[in-house]
Amino acid sequence: LVRGREGMRIPLATDLFEGLVWVVVGAQVNVSFAAVCRAALIELCGTPVGEGFVAHPTPEAVARLDYSDLTQRQYSRRKAEYLIDAARAIASGTLDLEGLRAEPVPLVVERLATVRGLGPWSVQYLCLRAYGFEDCAPIGDVALHEALRRHFGLAERPDARAAAELME
């Protein structure tokens with residue numbers, strides 16, 4: 001899979017919370033809608049940094065929101081709950097995203113799987129794109145399955161089991 005692509009890097013989120021926001025906001029929606037929702041969050045509680053620029057919000061800023069603050073901005077009630085509840089867990093110290101950096105991948109996966117709203121795809125995507133664990137793969141991701149189909153010259157997209165075997 002990597003032959004001929006030496007030197008390529010997995011693009012990472014700026015920080016772990018931003019990665020978590022992308023995972024929650026982007027689950028089961030298209031990328032353009034996820035970007036609209038993320039922009040609404042940044043506008044709502046991001047940190048102004050001068051000259052009209054606004055930095056991504058902190059977990060503490062998101063933790064102060066009410067669910068209705070997000071549902072009024074096109075978030076489903078569930079996504080609003082997942083995002084705000086996760087931010088509250090981070091802000092309170094119950095969920096230590098940074099502390100997980102030093103742990104082995106299986107423990108990180110196990111701990112993240114306990115966070116409400118993070119399913120197997122979300123956990124794998126967060127491990128890959130926020131933590132930079134290169135051997136994680138968001139099985140079930142349509143783009144990944146399509147890329148595997150093209151790469152291996154398959155007639156159809158592989159199902160989850162076949163995709164996991166191909167990624168192995």
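Q: Let's start with α1: how many of the residues of α1 are buried?
A: 10 of its 11 residues are buried, so α1 is largely enclosed by the rest of the structure. Buried means under 20% relative accessible area, exposed over 50% and partly exposed in between, with a 1.4 Å probe and protein chains only. Helices (H or I, at least four residues) and strands (E, at least two) are DSSP runs, numbered from the N terminus. This is a predicted model, in which local features need pLDDT of at least 70 and side-chain atom pairs count only at pLDDT 80 or more, while totals for chains, interfaces and linings use all residues. Residues are numbered from 1 along each chain as its sequence is written, and side-chain values use heavy atoms, with hydrogens and water left out.

Q: Which residues of α1 are the buried ones?
A: They are Leu16, Phe17, Glu18, Gly19, Leu20, Val21, Val23, Val24, Val25 and Gly26.

Q: And what covers them?
A: The cover includes α2, α3, α5 and α7. Contact here means heavy atoms within 4.5 Å.

Q: Nice, let's take those partners in turn. At what angle do α1 and α2 pack?
A: Helix α1 (residues 16-26) and helix α2 (residues 31-45) pack at about 130 degrees, and their axes are 9 Å apart. Axes are lines fitted to C-alpha atoms, for helices over the stretch in contact, and angles run from 0 to 180 degrees between N-to-C directions. α1 and α2 are therefore oblique to each other. By the cut-offs, angles under 35 degrees are roughly parallel, over 145 roughly antiparallel, 65 to 115 roughly perpendicular and the rest oblique.

Q: OK, on to α5. How are α1 and α5 oriented?
A: α1 and α5 are therefore roughly antiparallel to each other, as they pack at about 160 degrees with axes 9 Å apart. The crossing is right-handed. Phe17, Leu20, Val21, Val24, Val25 and Gly26 of α1 meet Lys79, Tyr82, Leu83, Ala86, Ala87 and Ile90 of α5. Those residues divide into 10 nonpolar, 1 polar and 1 charged.

Q: What about α1 with α7?
A: That pair packs at about 145 degrees, with axes 10 Å apart. Leu16, Gly19, Leu20 and Val23 of α1 make the contact with Trp121, Ser122, Tyr125 and Leu126 of α7. The contact has 6 nonpolar, 2 polar and no charged residues.

Q: Zooming out, how many residues are in the largest nonpolar core?
A: It has 40 residues, and those with the most contacts inside it are Leu41, Val62, Leu83, Leu112, Leu118 and Tyr131. The elements giving two or more residues to this core are α1, α2, α3 (59-63), α4 (67-71), α5 (77-92), α6 (105-112) and α7 (120-129). A nonpolar core is a set of buried Ala, Val, Leu, Ile, Met, Phe, Trp, Tyr and Cys residues joined through side-chain atoms within 4.5 Å.

Q: What does leucine 83 touch?
A: Not counting residues up to four places away in sequence, leucine 83 touches Val21, Val24, Val25, Leu41, Val62, Leu70 and Tyr75.

Q: Changing topic: is histidine 56 buried or exposed?
A: Buried, with a relative accessible area of 16%. Histidine 56 is in the loop between β2 (53-55) and α3. Leaving aside neighbours within four places in sequence, histidine 56 contacts Phe17, Glu18, Val21, Arg38, Ile42, Gly46 and Thr47.

Q: One last thing, what is the phi of glutamate 51?
A: It is near 55 degrees, a positive value in a residue other than glycine. Glutamate 51 is in the loop between β1 (47-50) and β2, and at 79% relative accessibility it counts as exposed.

Methods
A crossing is left-handed if the near helix is turned anticlockwise from the far one by less than a right angle, and right-handed if clockwise. Ala, Val, Leu, Ile, Met, Phe, Trp, Tyr, Cys and Pro count as nonpolar, Asp, Glu, Lys and Arg as charged, and the others, Gly among them, as polar.
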